[in-house]
Amino acid sequence: MSMSGCAAVIPHSAPLGLMNVLQVTILILVAAGATAVVLVRDPVRQVIALSVYGVLLAVLFLAFQAPDVTLSELTVGAVVVPLLLLLTLAKVRRREE
Amino acid sequence: MNPAVRRWVFVAGAAGLAAFYLWGLTGLPGFGSYPGPYGDIINRVAVAQTNATGVVSAVNFAYRAFDTLGEEFILFAAAVGVSVVLRHLRGERQRPARDESMDRNVAPTSDAIRMVSLILVGPTLVMGWYLATHAQTSPSGGFQGGVMLATAFILIYLAGEFLVFERISPLAAIDAAEAVGAGGFAAIGVSAVAMGLPYLTNFLPLGSRPGAVSSSGTIALISFFVGIEVAAAFVVIVSELLEQTLLSRQESR
């Protein structure tokens, strides 16, 4: 079965809606944030950008009605992962010096 | 392969990828459509079956509790792995952190950071504890609550010194908490088996009223144990890495 043929036979559980303004905005912001993380070349600044990106992702999940994932992303993505990366950077730099 | 050939191979590959990608995009279901039957079924029956109004938790800790047990042990294994990799080896000796470059002083923790961190410790602890123990009534759960509890420990590190952090989170106690959390989850499952029920069956009384804190049987209990396990696992990982960074080790020759 072709992929395009599939869509027609799938029963829709809810009437299809359009994304609201908040959802479109946050999708664009997340795309911009992800690009910024890639473009920042200094590792320490990159970690801070990653942390901000984590907050953006958390808002994205909230806008798409997944508050449980928001809570996880807020703590893991915005706090714990950047902290682990910063600690690793501190360790690696000391060895380099 | 010379650069020209390589470029043509790339162009052909990229064109193929783009074609398949666009073809795939045209077949995507519309925004907001949910093709599977299970979500709708769960939405209809979950509250009546479990007395938990936090349906996400009911799914995580009852309907697919076995999957969650696996995820739990992924984190457990990660914390154990960090502990094993960063353990003290024979021939390694530890020395306290000192500034590696002698021509400058270590900047002291600023009062602003210290104050904000100290102000946030209490609310973070309460929030984490609330999230971990109210999975049955809200879209929270042990994982979110546990990570937030661990964040409170990290705030104490930010506000004070590493030594204070070490004193309030002795590794032996944290290791024990992690084991109790992971073991508690598995033990709830085994208790069901001991009663002649399938593994992880919700065998506790569900409470009379959906949405009450005391409702939902083992869902609340499992969430509580997950919270302990997750908080301990994150504190273990962070404090092992802190120790690595702050106490530099040198190999003796």
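The bend at a residue is the angle between axes fitted to the seven residues ending there and the seven starting there. With that in hand, welcome to the close-ups. This is a predicted model, in which local features need pLDDT of at least 70, side-chain atom pairs count only at pLDDT 80 or more, and totals for chains, interfaces and linings use all residues. Residues are numbered from 1 along each chain as its sequence is written, chains are lettered from A and ligands numbered from 1 in the order in which they are written, and side-chain values use heavy atoms, with hydrogens and water left out.

**View 1. A bent helix in chain B.** Helix H2 of chain B, residues 38-50, bends by about 40° at Arg44(B). Helices here are DSSP runs (H or I, at least four residues), strands are runs of E with at least two, and both are numbered from the N terminus. The buried residues of H2(B) are Ile42(B), Ala46(B) and Thr50(B); buried means under 20% relative accessible area, exposed over 50%, and partly exposed in between (1.4 Å probe, protein chains only).

**View 2. The largest nonpolar core.** A nonpolar core is a set of buried Ala, Val, Leu, Ile, Met, Phe, Trp, Tyr and Cys residues joined through side-chain atoms within 4.5 Å. The largest one has 35 residues, and those touching the most other members are Phe61(B), Phe185(B), Ile222(B), Val226(B), Val230(B) and Phe234(B). Two or more residues come from each of helix H4 (67-96) of chain A and, in chain B, helices H3 (55-63), H4 (65-85), H6 (142-159), H8 (171-194) and H9 (218-246). H9(B) gives the most, with 14 residues. A second, separate core of 6 residues includes Leu56(A), Leu57(A), Leu60(A) and Ala63(A).

**View 3. Around Val226(B) and Ser72(A).** Leaving aside residues up to four places away in sequence, Val226(B) touches Phe61(B), Glu72(B), Gly142(B), Phe143(B) and Phe185(B), where contact means heavy atoms within 4.5 Å. Ser72(A) sits in helix H4 of chain A and is buried, at a relative accessible area of 15%.

**View 4. Arg114(B) and a backbone oxygen.** Arg114(B) belongs to helix H5 of chain B, residues 111-133, and is partly exposed at 31% relative accessibility. A polar atom of the Arg114(B) side chain lies 3.0 Å from the backbone oxygen of Ala159(B). Arg114(B) is also 8.9 Å from Leu155(B), C-alpha to C-alpha, although 41 residues separate them in sequence.

**View 5. Two salt bridges.** Side chains of opposite charge can pair when their charged atoms come close. A salt bridge is a side-chain nitrogen of Lys or Arg within 4 Å of a carboxyl oxygen of Asp or Glu, and the count over all chains is 2. In chain A, Arg45(A) meets Asp42(A) at 3.8 Å, N to O; Arg45(A) is exposed at 62%, while Asp42(A) is partly exposed at 32% relative accessibility. In chain B, Arg64(B) pairs with Glu71(B), the closest N and O atoms being 3.0 Å apart. Arg64(B) is partly exposed, with a relative accessible area of 26%, and Glu71(B) is partly exposed at 43%.

Methods
A polar contact is a pair of N or O atoms within 3.5 Å; within protein, one must be able to donate a hydrogen and the other to accept it, and residues adjacent in sequence count only if both atoms are side-chain atoms.
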